[in-house]
Amino acid sequence: MKIIKKNNPILIFLVIFGLLIFLHGIGVSRPIENFISNVFKPLNSHFYSWGNSFNHSYQDRATQASLSAQVEALTKEVALLTVANSQEKELMAENAKLRSQLNFLAVNNFKAVAAEVISRESLTEGTGEGQDLIINKGTGDGLLLGQAAVNEEGLIIGKIIETKETSAKICLTTSRDCKLAAAIQNSTKTQGITDGDLGLTIKMNYIPQLEKIAVGDTVITSGLGDKIPRGLVIGKIIEVRNESNEVWQDATIEPLVNLDNLTVVTIIIL
Amino acid sequence: MLKNVWQILILVVAISFLALLQFSFVSSLPNPFRQINLLLIILVFILFFLDFRVASISALVAGFWLDVMSFNFFGFYIIIFFICLLLAEWILKNWLTNRSFYSLLVIMVSTTFFYNILAAAVLYIFSTDYTVFFLWQKNFWLTVAYQSIWSFLLALILFNLAALISKRIKPSFLEKKSFM
C-alpha cells in the first residue's frame with residue numbers, strides 16, 4: 001500500500017481538509033470563522049480603499065480625453081436642470097401641502113445600515129461578470145436577502161443576494177440575473193422588471209407596445225418587491241427598441257452612478 | 001523542507017497576508033490588473049522552488065482564508081488550489097526534466113489555465129448561480145487570457161528575483177575545451 005505510507009502529504013492534506021469540512025458542516029468552526037472575519041474587516045476595508053484609489057486615478061487618466069466634450073454637454077444640461085429645478089420646487093411645496101392633508105407617513109420611515117465594501121470576487125470572475133460586491137455587514141447587523149443597497153446619493157446600486165453573519169454579497173443592477181421590480185416615470189407609469197446587461201447597462205424587456213416610453217425617462221423601483229421601497233432611482237433610458245411588428249418593446253437603461261468606484265453603501269431595511 | 005515551527009508560522013502569516021491582499025486589494029483594481037491570481041502564482045512558485053509539502057500547507061492556508069471570506073461553498077478554494085498543485089507536481093515530475101526558467105513558465109501558464117477550467121466547472125456543476133455554460137462565454141476566455149499573461153509576467157519577475165537571492169537556480173554550462 002504505497003499511498004498510505006507514513007507522512008504522505010496528500011493523505012495528510014485530505015485528512016485536514018476533511019476535518020475542516022466536517023467542523024464547518026456541523027457548525028463548530030463557525031464562531032472561529034466569524035471571529036476571523038470580524039478581526040480582519042478593518043484591514044480588508046483599507047486594502048479595498050487603496051485598490052479603489054488606484055482604480056480612480058487609472059480611470060481619471062483614461063477619461064481625461066473625453067472630459068472637454070463632457071463639460072460642454074454638462075453646461076447645456078445645467079441650464080435645462082435649472083429650469084426643471086425651479087418647477088420642481090413649486091411641485092415640492094404643493095406636494096408637502098398634499099402630504100400633510102392626506103396624513104401620509106414620513107417619506108423615510110425605514111432604517112438604514114451603512115456598510116463598507118471589502119471585496120469584489122475576482123478569482124471566479126471568468127464564471128460570471130465579476131460584478132458582485134462583498135460588504136462588511138451581515139445577518140448579525142439585520143441584513144436580509146433581497147434588501148436594496150443604495151449609494152450616498154440614494155441611487156439604488158443593487159440588492160443583497162447572499163448573506164453570512166458578518167458579511168453579505170450584493171449584485172449590482174448591471175449584473176446579469178440581478179432583477180428589480182421597476183417603474184418608468186412616464187405618463188402611464190409603465191411597470192416591469194429590470195435586469196443587468198453585460199455588466200455595463202440595465203435592460204427592461206417585455207414592455208407592451210402601447211406604453212409610451214422615451215429616451216431620457218427616469219426608471220425607479222416600483223416597490224413591488226417586499227424588501228425594496230418604491231421610488232429609488234435605477235437610471236435613465238438611453239435607448240428604446242421598438243419594432244412595429246413586435247408585441248413587446250425593450251429599453252436600455254444607464255445607471256446614474258459609476259458602479260466601479262463604490263466604497264461605502266447603505267442597505268435599506270424596511 | 002520546513003524544519004521548525006517558526007518557519008511554518010512565518011509561512012502561514014505570509015500566505016494569510018497574501019490572501020487578504022488578493023481578496024480585498026487585487027479585486028478592487030481596474031480590469032486588467034484585477035485578474036492577477038496572486039495566490040496561485042505564489043503556490044506554484046513555492047512548489048517549484050521548495051517542495052510539494054510546503055506548497056500543500058500554503059494551499060491549505062490560502063484556501064481557508066478565501067473560503068472564510070468569500071461566498072463560494074466552504075472548501076472550494078482549498079480543494080481547487082490543491083488539485084492545481086497536484087497537476088503542477090505531476091507535470092514537473094513527468095513532463096519537465098529540469099527546474100529551468102522555461103519549466104516555470106510552462107508550469108505557471110498551464111496551472112493557471114487548469115485553475116480557471118476547474119473553478120468554472122465546479123461552480124457550474126455545484127452552484128445554482130451559474131446557469132450559462134462557461135466554455136461559450138467570451139468573459140471566461142478573456143479571464144483565462146489575462147490571468148495567463150499575468151502568470152507569465154510574474155513568473156518572469158519572481159524567477160529573476162529568486163536568481164538574484166539564491167544560488168540554487170544559477171545556470172551551469174559544460175565548458176567546451178579544446179584538446180589540441
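**A friendly note on chains A and B**

1. Let's start with chain A, which has two helices and 12 strands. Here helices (H or I, at least four residues) and strands (E, at least two) are DSSP runs, numbered from the N terminus. Read from the N terminus on, the order of elements is α-α-β-β-β-β-β-β-β-β-β-β-β-β.

2. A word on how to read this note: the model is predicted, local features need pLDDT of at least 70, side-chain atom pairs count only at pLDDT 80 or more, and totals for chains, interfaces and linings use all residues. Residues are numbered from 1 along each chain as its sequence is written, while chains are lettered from A and ligands numbered from 1 in the order in which they are written.

3. Chain A is split into domain 1 (8-52) and domain 2 (109-270), with bounds that come from an automatic or database domain assignment. Their C-alpha centres are 31 Å apart. Nine residues from domain 1 of chain A and 10 residues from domain 2 of chain A take part in the contact between them; two residues are in contact if their C-beta atoms, placed from the backbone, lie within 7 Å. On the domain 1 side there are one nonpolar, seven polar and one charged residues. For these classes, Ala, Val, Leu, Ile, Met, Phe, Trp, Tyr, Cys and Pro count as nonpolar, Asp, Glu, Lys and Arg as charged, and the others, Gly among them, as polar.

4. How much of chain A is buried? Of its 270 residues, 30% are buried. The cut-offs use C-beta atoms placed from the backbone: buried means 20 or more other C-beta atoms within 10 Å of the residue's own, exposed means 12 or fewer, and partly exposed is in between. Among contacts in chain A between residues at least 6 apart in sequence, 57% join residues at least 24 apart.

5. Two backbone angles deserve a look. Most residues other than glycine have a negative phi. A:Lys189, not a glycine, has a positive phi of about 50°; A:Lys189 sits in the loop between strand S6 (180-184) and strand S7 (191-197) of chain A. Because A:Lys189 has 11 C-beta neighbours inside 10 Å, it counts as exposed. A:Tyr206 also has a positive phi, of about 55°, and belongs to strand S8 (residues 201-208) of chain A. With 10 other C-beta atoms within 10 Å, A:Tyr206 is exposed.

6. Now for the two chains together: 38 residues of chain B are in contact with 37 residues of chain A. Which helix of chain B gives the most to this side? H4(B) does, with seven residues. By class, the chain B side has 24 nonpolar, 12 polar and two charged residues.

7. Within chain B, the axes of H4(B) and H5(B) come within 7 Å and cross at roughly 155°. Axes are lines fitted to C-alpha atoms, for helices over the stretch in contact, and angles run from 0 to 180 degrees between N-to-C directions. H4(B) and H5(B) are therefore roughly antiparallel, the word for angles over 145 degrees. Residues that meet here include B:Phe52 and B:Leu60 in H4(B), and B:Phe81 and B:Leu85 in H5(B). The contact divides into 13 nonpolar, two polar and two charged residues.

Definitions and conventions: Parallel < 35°, antiparallel > 145°, perpendicular 65-115°, else oblique.
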